[in-house]
Structures are given as structure tokens and as C-alpha cells.
Amino acid sequence: MSSTVVTHIGELVTNDPEAEDLLGAIADAALVVEGGRVAWVGPAAEAPDADEQIDAGGRAVLPGFVDSHSHLVFAGDRSQEFAARMADTPYAAGGIRTTVAATRAATDEQLTSHVARLVAEMRRQGTTTVEIKSGYGLTVKDEARSLMVARQFTEETTFLGAHVVPEGDPAAYVELVTGPMLDAAKEHARWIDVFCERGAFDEDQARAVLAAGERAGLKGRLHANQLTFGPGVRLAAELGLVAVDHCTYLDDADVDALRDSGTIATLLPGVEFSTKQPYPDARRLIDAGVRVAIASDCNPGSCFTSSLPLCVALAVREMGMTPAEAVHAATYRGAQALDRDDVGALTVGRRADFTLLDAPSHVHLAYRPGVPLVAGTWVDGRPV
Ligand SMILES: [Zn+2]
């Protein structure tokens, strides 16, 4: 088995939970990769020999970003809706229904090549693990097809038939989602998700969808408390879900419930950036002892960025996180939000998924916003 040493790393972020600092950072470090896994980390001067050598030239190496929330399977363009929103002018197009119509009309090949382009875009920005949801098909056939497309790119696929009620009676639609649609979707999905929000699905409907998903062997997650206060976050905590996403409007009982349950609050600052809404208060959550992840929520309507570096910068600038907390939230916590212990850190035995920054430290991700700092991305020890 051939081995590679990456040496002269100015700052190696390991996210080692045993380390004294949050990022487990090692200065003047080396990383040895063997068989796609991390075989050794430590000071460069003590690194063992390897078959191949990569010289990082004093630059930083980080675990690859783990983007635990995206909606990449769609067709169509909603840039005019964004332009209207930024100009504070009314816009009459159908929002999510525009995307649903375009997605249903697209061929499998068109959907697949679009997801491939977006995943490649993510890779160039340092993302090595991505979760992808369905949710723009909203028929039995189109939801199953969306998940089959997503599965070609990731094991972390999520059935989101309960995204919006496409038309007709909400109760009848929940019956469809928890019955025939779930049956068709379950073999292609690991997770099930519900948009639990006023105007989408209420608490009882969310419970019904998550319970049906659990019976079908899918693990639950939730979109909740994005637009206003509501029951979603407490429901996620009560059910012991791994993660609940958005968490913009939280009362004290919500924060306590997250802390006590250990459910991860996944914040999606690209959404607030792209919709001119107030940002969630990451500082309040972290200070209360809640575990916080950040993810992109890449989607055509409320946030069409695939960039975790942008989300890190926003988390620091707008949500009260330190650069170290934001990087940790986009890597280690992202992995936890997907219940994964093989990614999100560069410790011995984990997957050798990492990025090389054109910068001496992780701080530059927030300090130099908008600059393409990712010089290379490796997945399973191979450059991509
Ligand atoms: Zn979302």
C-alpha cells in the first residue's frame, strides 16, 4: 500500500477532540496518508518516511468541509426572484413551485449533470462530504428519481417529500408522503426531513412524517424555526434527532431543549444573507452549551451558494462565532450532524479528506472573504 506525506504544513487543523484547543491545531506539521486514511499526524520534523511527498510550503491544511444540508437536485433559474428581493420590489413568480415545475420537466440526464456541476463547485471550495435532499419533485416518481440522482454523488441522501404541499389538501398530501412516496423513496435515502414551519407542515404533520420515516428505517432531521418561533426545535429535541436546521428564532426553552438533548443546531447563514433576514445567534447557543454546525443550504430559492468558506466568513462576521468555532462547525460538527465519525477530523484512522489553503491559517477563511483560498481538495487521500 503506497503512502503519501504532506509536509511543511504551517497549520494543521486536526479537530482532535482530545486536544486542548478546539481545532487541535499543530504548527509546522505533517500528515501521512495510507490507503485513503490518515495514518499519522504530528510535527513535520518527526514525520515517518513515505513513498510520495507533497510540500505544503507553510500553508494550512484543514479537514474537508462537511456540508450537512443542501438541495442540489433541481432545474431552472430563479435569479430574477433574487434580484427583485434585493430591490425590495414585488415579484409574482411562483417561488418554489417554479422549481418544482422545472424539476419535473427535466430529464434524468439533465438533473444528474446539474448536480455533478454543483458538487464539483463544492469540491473546489473544500467540501468533501455533502448531504443532498430531494424535495422539488413532490410526486412519488419525481421524489424517488431525485434521490436516485443524489445517490450517485453521496450516501447522505435525504427524503424531503414534506418540503411544501404542492397542491390540494394538506392532509391528503401527508398521507401520500408517509405512504406510497416514502415506499418509493426509502431505498434511496438515509434520512427523512420535514419543513416544520407556519405555511409548510405543522407539529402533528411533522411527527407523522418522522414516525413513518423511522418505521421505514430512515433517520430524522428537521427544518425548523427559520421564519418565526415555532414547535420544530423542541420536537427535534424531544425525539432526540441528530440535528435540527435553521434555528433562527429560538426562545429560551428551545435553547435549553437543544442543550439537554444534544441535538445539533445547524445554522445556515447563507440563507439570511440571501434573503435579508436576521441571522441566528450562534454566540447565544454556544455559550449555552449547544453544539452548533454550519452548512450551506445550497438551493435555488433562498440561498444559491455552494460555498462553505462564505458561510464561515458570515458566521464570524454576523453570528458571533470565532474563526476557530466557525471552521469547527463546518467540519467536525457537520460530520456529527450527519452522525459520521469517519470524516470531519484529521486524526489517525479517519478518512483522508482534507483541503490545502493558499493561506497560513484557518483564520484567513474569514479574514479574506470571497477570495478563492482553497488550493486543493483531497477525498480518500486522492486529489479531486
Ligand atoms: Zn434547506
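1. Strand 9 (residues 157-162) and strand 10 pair in the parallel sense over three bridges, where pairing requires that DSSP finds at least two bridges between two strands, and where strands (E, at least two residues) and helices (H or I, at least four) are DSSP runs numbered from the N terminus. Within this pairing, phenylalanine 159 stands opposite isoleucine 192 of strand 10.

2. On provenance, this is a predicted model, in which local features need pLDDT of at least 70 and side-chain atom pairs count only at pLDDT 80 or more, while totals for chains, interfaces and linings use all residues. Residues are numbered from 1 along each chain as its sequence is written.

3. Strand 14 pairs in the parallel sense with strand 13 (residues 264-267) over three bridges, and threonine 266 has alanine 293 of strand 14 as its bridge partner.

4. Six of the six residues of strand 10 are buried, a residue being buried if 20 or more other C-beta atoms, placed from the backbone, lie within 10 Å of its own, exposed if 12 or fewer do, and partly exposed in between. Both faces of this strand are covered, with Trp191, Asp193 and Phe195 on one side and Ile192, Val194 and Cys196 on the other.

5. Strand 10 (residues 191-196) also pairs with strand 11, in the parallel sense and over six bridges; here phenylalanine 195 stands opposite histidine 223, and cysteine 196 has alanine 224 as its bridge partner. Five of the six residues of strand 11 (residues 219-224) are buried.

6. Strand 10, helix 6 (residues 203-215) and strand 11 form a right-handed β-α-β unit, a crossover being right-handed if, with the strands pointing away from the viewer, the path from the first strand over the helix to the second runs clockwise. The chain then crosses from strand 11 through helix 7 (residues 232-239) to strand 12, and this β-α-β crossover is also right-handed.

7. Helix 7 and helix 8 (residues 252-261) pack at an angle of about 20°, with their axes 9 Å apart; axes are lines fitted to C-alpha atoms, for helices over the stretch in contact, and angles run from 0 to 180 degrees between N-to-C directions. The two helices, helix 7 and helix 8, are therefore roughly parallel to each other, the limit for that description being angles under 35 degrees.

Terms used:
Angles under 35 degrees count as roughly parallel, over 145 as roughly antiparallel, 65 to 115 as roughly perpendicular and the rest as oblique.
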